[in-house]
Amino acid sequence: MRKAIIITLALLAITAGTHAQLRLGDNNPKSKLHMAEMAITNLYVDSVDENKLVEDAIRGMLEKLDPHSAYSTAKEVKEMTESLEGSFEGIGVQFNMMEDTLVVIQTITNGPSEKVGIIPGDRIVAVNDTAIAGVKMSKEEIMRRLRGPKGTKAYLKIVRPGIKEQLPFTVVRDKIPVLSIDASYVIRPGLGYIRIGNFGATTYDEFMAALGRLREKGIDRLIIDLQDNGGGYLQAAVMVINELLNKGDMIVYTEGRAAPRHEYHADGGNNPFKGRVAVLVNEFSASASEILSGAIQDHDRGIIVGRRSFGKGLVQRPIEFADGSMIRLTISHYYTPSGRCIQKPYVKGGQKDYAKDIDNRLKNGELTNADSIHFADSLKFQTLREHRTVYGGGGIMPDYFVPLDTTRYTPFHRQLSAKSVIINANLKYIDANRKKLKKQYATFEEFNANYEVPQSFVDDVIARGAEAKVKPKDDEELKTTLPYLRTQLKALVARDLWDMTEYFQVMNETSDIVQKAVSLMTEN
């Protein structure tokens with residue numbers, strides 16, 4: 001207390017003389033930081049935002065550490081938590097913006113909007129007597145108005161195609177599930193497919209439910225697709241792996257300078273799956289995805305198909321502040337059962353170079369040619385049962401490498417996607433043809449077997465691209481783009497008529513990684 005009074009008096013005294021020099025505190029780093037913040041807040045020539053000053057200081061410290069230690073504001077923490085906790089509170093619609101109007105794409109099954117009769121194609125034009133259409137309101141602001149605590153009411157005005165007057169709806173907000181299983185279906189007779197988008201609080205229950213449905217359909221082999229899965233909760237991944245390994249098998253262990261070694265072992269599961277397993281990974285599969293694929297590979301439980309995974313093997317501990325903000329501080333490393341460190345090399349403070357790793361892999365040929373990848377002898381490990389050679393040094397190297405087909409994704413197609421041309425054209429097409437398509441195709445199976453993307457749909461995409469100054473460089477690029485574009489458009493239509501499972505059923509038939517796994521899993 002006495003020290004704080006002396007500091008305060010000294011800070012006040014200095015204002016009496018502009019050339020006076022002030023020396024405070026001692027050599028303790030914590031005191032030094034505190035004194036610097038106090039000096040800036042009290043003496044700096046202009047006013048400062050003290051909260052932002054402290055946040056910037058925290059970020060500055062963390063930027064000098066590893067690439068995954070980070071600071072998040074209260075708002076950012078809330079957004080991250082919602083995506084992993086498995087629910088948020090709102091009205092239960094999937095929507096997109098067509099020009100400046102919100103169009104309902106799907107209603108959540110048994111959700112609050114479906115219960116009161118809101119249907120796909122409806123335009124929500126007002127929320128609680130405030131117009132949200134035609135006023136250039138941001139998507140974030142619209143979402144804020146639609147969301148709210150469970151039990152509160154949202155008074156909506158809706159325009160429905162074919163009906164002149166606006167329709168009033170009162171929707172009682174409720175918990176809306178955020179699913180982490182993107183798709184599950186029988187991809188070939190006896191072979192199931194489950195795609196996990198992230199590892200959240202509900203992933204295990206979703207996985208077991210999906211696996212149960214597939215087992216009822218007679219599958220005895222399983223593909224687990226972790227492509228583009230950036231991770232999530234460690235415990236969620238451990239619970240899923242627990243249903244695939246034998247009792248006692250190590251799943252992963254963690255260890256750090258101040259964090260003692262901690263091991264996770266399988267306990268036999270509730271209803272473990274004993275059939276053959278293939279796990280799909282690519283350069284964007286990270287963290288919990290790598291824990292699952294590493295455990296499967298090290299125990300020779302299944303095959304890994306795809307390309308070397310991201311290489312995120314650092315364990316973050318959340319440190320929460322009273323205002324809801326949070327530091328996620330790295331405290332240890334993940335290691336696979338054979339002792340491989342999942343984390344790829346990095347230089348402290350070198351976030352920019354670290355962020356370019358995937359681009360460098362492409363430039364170096366790693367994504368397109370397995371022969372370009374070389375491992376030092378020190379990075380070679382042995383699997384625990386069959387004693388096969390596997391590799392450490394960052395990420396999980398698959399047993400079966402599938403090169404990235406750079407010819408399929410033309411610059412023309414990438415620009416169409418980047419400028420939302422494809423999404424907007426699809427939204428317009430679905431809006432105009434939903435009823436006709438639903439009447440024509442009673443089931444997805446009929447749709448998948450018989451639907452062909454009309455040329456007028458393709459022409460609209462190309463015309464919209466031209467309006468956005470996106471054009472193919474020549475006829476050859478257009479010709480190369482069209483087959484994949486047609487598949488993508490068909491998949492988007494399937495998604496909007498049914499759901500994400502149907503989207504992936506269409507897209508997976510053109511995926512080299514999925515098709516390689518299917519081939520390997522259907523061999524005698």
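Two strands pair if DSSP finds at least two bridges between them. In the predicted model described here, strand S10 (residues 181-188) and strand S11 (residues 191-196) are joined by six bridges. The two strands run antiparallel. Within this pair, Ala183 stands opposite Arg195 of S11. Strands of a sheet pair through backbone hydrogen bonds, either parallel or antiparallel.

S10 and S11 belong to an open sheet of six strands, in which the order is S10-S11-S12-S15-S16-S21. The pairing in this sheet is mixed. The edges are held by S10 and strand S21 (400-401). Each of these two has a single partner strand, so one side of each is left without a neighbour in the sheet.

The sheet is part of a protein with 18 helices and 21 strands. The chain has 524 residues, and buried residues make up 47% of them. The C-alpha trace spans about 85 × 70 × 55 Å along its principal axes. Among contacts between residues at least 6 apart in sequence, 69% join residues at least 24 apart. The protein exposes about 27300 Å², of which carbon and sulfur atoms supply 52%.

The largest pocket holds about 1600 Å³ of space. Its lining is made up of 47 residues, and those closest to the pocket centre are Gln94, Ile108, Leu179, Asp499 and Met500. By class, the lining has 24 nonpolar, 12 charged and 11 polar residues. Strand S10, an edge strand of the sheet, gives the most to this lining, with six residues.

Asp499, one of the residues closest to the pocket centre, lies in the loop between helix H16 (475-497) and helix H17 (500-507). Residues with a relative accessible area under 20% count as buried and those over 50% as exposed. Asp499 has a relative accessible area of 42%, and is therefore partly exposed. Asp499 and Ala183 are 316 residues apart along the chain, yet their C-alpha atoms are separated by 8.7 Å. Ala183 is the residue that stands opposite Arg195 in S11.

Conventions:
Residues are numbered from 1 along each chain as its sequence is written. This is a predicted model: local features need pLDDT of at least 70, side-chain atom pairs count only at pLDDT 80 or more; totals for chains, interfaces and linings use all residues. Side-chain values use heavy atoms; hydrogens and water are left out. On a 1 Å grid over the protein atoms alone, a cavity is a set of points where a 1.4 Å probe fits but cannot get out, and a pocket is an open set with protein on both sides within 12 Å along at least five of seven lines; lining residues have an atom within 4 Å of a point. Grid points are joined across faces, edges and corners, and a volume is the space filled by probe spheres set on the points. Helices (H or I, at least four residues) and strands (E, at least two) are DSSP runs, numbered from the N terminus. Ala, Val, Leu, Ile, Met, Phe, Trp, Tyr, Cys and Pro count as nonpolar, Asp, Glu, Lys and Arg as charged, and the others, Gly among them, as polar. Buried means under 20% relative accessible area, exposed over 50%, partly exposed in between (1.4 Å probe, protein chains only). Contact means heavy atoms within 4.5 Å. Accessible areas come from the Shrake-Rupley method with a 1.4 Å probe; for residues, only the protein chains shown count as cover.
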